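Trainee: I've got a model open and I'd like to learn how to read it. Can we go through it feature by feature?

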Amino acid sequence: MRFAILADIHSNLAAFEAVLGDAEKRGGFNKIWCLGDMVGYGPQPNECIERLQEFEHVCIAGNHDWAAIGRMDTAEFNPVAAIAARWTEEELSSESKDYLLALPLILVEDGFTLAHGSPREPIWEYLLSTRAAQENFTYFETTYCLIGHSHVPLIFELDGAQVIYREFGEIEIKLSQDRMIINPGGVGQPRDGDPRASYAIYDVDAKLIIHYRVEYDIEATQKKMQENGLPEPLIRRLSLGR
Ligand code: ZN
């Protein structure tokens, strides 16, 4: 059994397709675990939701998914993110809205807890420090937890009472008894300085989680964003991976 672990697709169909193609080349997968923020920022929200539904999958809600269906006020978003959220709300079909409305905040799948931001605050918390990770280990019961939201691939490993931070850059992690919080990085808007789409595969039999980066047609997404009048800073940042 193999799971594709995808976070923060953000309506970026070109990045999503590149990841699907790459995962297929690397041995394929049986099911997608989607860690939220299917929509927001990018130009093809309906297409991404429809594509995801072609696969066996589970998905949880992210803050941008909630903003796009009016479940959350965009007052706490930065101005360009708020513009993109309003554009997305206008663009979404009623089928897409129904899909997003039904998403849970937390799921437990095969020994993993799935939460968009963190198990403590699934919608809002950016889990980027060892201190925040330490606190969050008390908020889930499974050995492992998968998160997205920061668009930064990383691993927090609990070693005794101590939390160790590791970069998750095109390496494989062997799963042991040690508890871990893992972020596969963002598919549709990477923010760790590498503009390539970021994702992971969990190979259950090998007990491995393998991290991959994939080039995609960034300009194709940027062109669609331009055509739809999405904010310039959101278009630029795709080239920078920040
Ligand atoms: Zn996001």
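Trainee: Let's begin with charges. Which residues are linked in a network of salt bridges?

Mentor: Keep in mind that this is a predicted model. The general idea is that side chains of opposite charge can pair when their charged atoms come close. Here, the network of salt bridges takes in Glu-170, Asp-192, Asp-194, Arg-196 and Arg-213.

Trainee: Is Asp-194 buried or partly exposed?

Mentor: Asp-194 counts as buried, because its relative accessibility is 17% and the cut-off for buried is under 20%. Arg-196 is at 24%, so it falls in the partly exposed class.

Trainee: How many salt bridges does the count come to?

Mentor: The count comes to 14 salt bridges. Take Glu-17 and Arg-51, which meet in a salt bridge at 2.7 Å, N to O. Glu-17 sits in helix 1 and Arg-51 in helix 2, so this pair ties together parts that are 34 residues apart in sequence. Glu-17 is partly exposed at 31% relative accessible area, and Arg-51 is partly exposed at 21%.

Trainee: And which residue forms a salt bridge with Arg-120?

Mentor: That's Glu-135, with the closest N and O atoms 2.7 Å apart. This pair links distant parts of the chain: Glu-135 belongs to helix 6 (residues 130–136), Arg-120 to the loop between strand 5 (112–115) and helix 6, and they are 15 residues apart. Glu-135 is partly exposed, with a relative accessible area of 31%, and Arg-120 is partly exposed at 26%.

Trainee: What about a charged residue without a partner? Where is Asp-37?

Mentor: Look in the loop between strand 2 and helix 2 (45–52). Asp-37 is buried and has no salt bridge. The nearest side chain of opposite charge is that of Arg-191, 6.5 Å away, and a salt bridge needs the atoms within 4 Å.

Trainee: What does the side chain of Asp-37 reach, then?

Mentor: It reaches the backbone nitrogen of His-64, at 2.9 Å. Setting aside neighbours within four places in sequence, the residues in contact with Asp-37 include Asp-8, His-10, Asn-63 and His-116.

Trainee: On to sheets. What is the order of the strands in the open sheet of 6 strands?

Mentor: As a general point, strands of a sheet pair through backbone hydrogen bonds, either parallel or antiparallel. In this model the order is 3-2-1-11-12-9, and the pairing is mixed. The edges are strand 3 (57–59) and strand 9 (172–174), each of which pairs on one side only. On average, neighbouring strands of this sheet are turned by 20° against each other, ignoring direction.

Trainee: Which helix packs on the sheet?

Mentor: Helix 1 (residues 13–25) packs there, touching strand 1 (2–6), strand 2, strand 11 (197–203) and strand 12 (208–214). The direction of helix 1 makes about 35° with that of strand 11.

Trainee: How many bridges join strand 2 to strand 3?

Mentor: There are 3, and strand 2 (residues 31–34) and strand 3 run parallel. Cys-34, for instance, has Cys-59 in strand 3 as its bridge partner.

Trainee: In what sense do strand 4 and strand 5 pair?

Mentor: They pair in the antiparallel sense over 4 bridges, with strand 4 covering residues 106–109. Leu-107 has Leu-114 in strand 5 as its bridge partner. The hairpin of strand 4 and strand 5 has 2 residues between the strands, and Asp-110 takes a positive phi near 55° in that hairpin.

Note on methods
Residues numbered from 1 in each chain as written. Predicted model: local features only at pLDDT ≥ 70, side-chain atom pairs only at ≥ 80, totals over all residues. Heavy atoms only, no water. Pairing = 2+ DSSP bridges. Axes fitted to C-alpha atoms, helices over the stretch in contact; angles between N-to-C directions. Contact = heavy atoms within 4.5 Å. Buried < 20%, exposed > 50% of the residue type's maximum accessible area, 1.4 Å probe, protein only. Lys, Arg positive; Asp, Glu negative; His and termini not counted. Polar contact = N/O pair within 3.5 Å; in protein donor to acceptor, adjacent residues only side chain to side chain.
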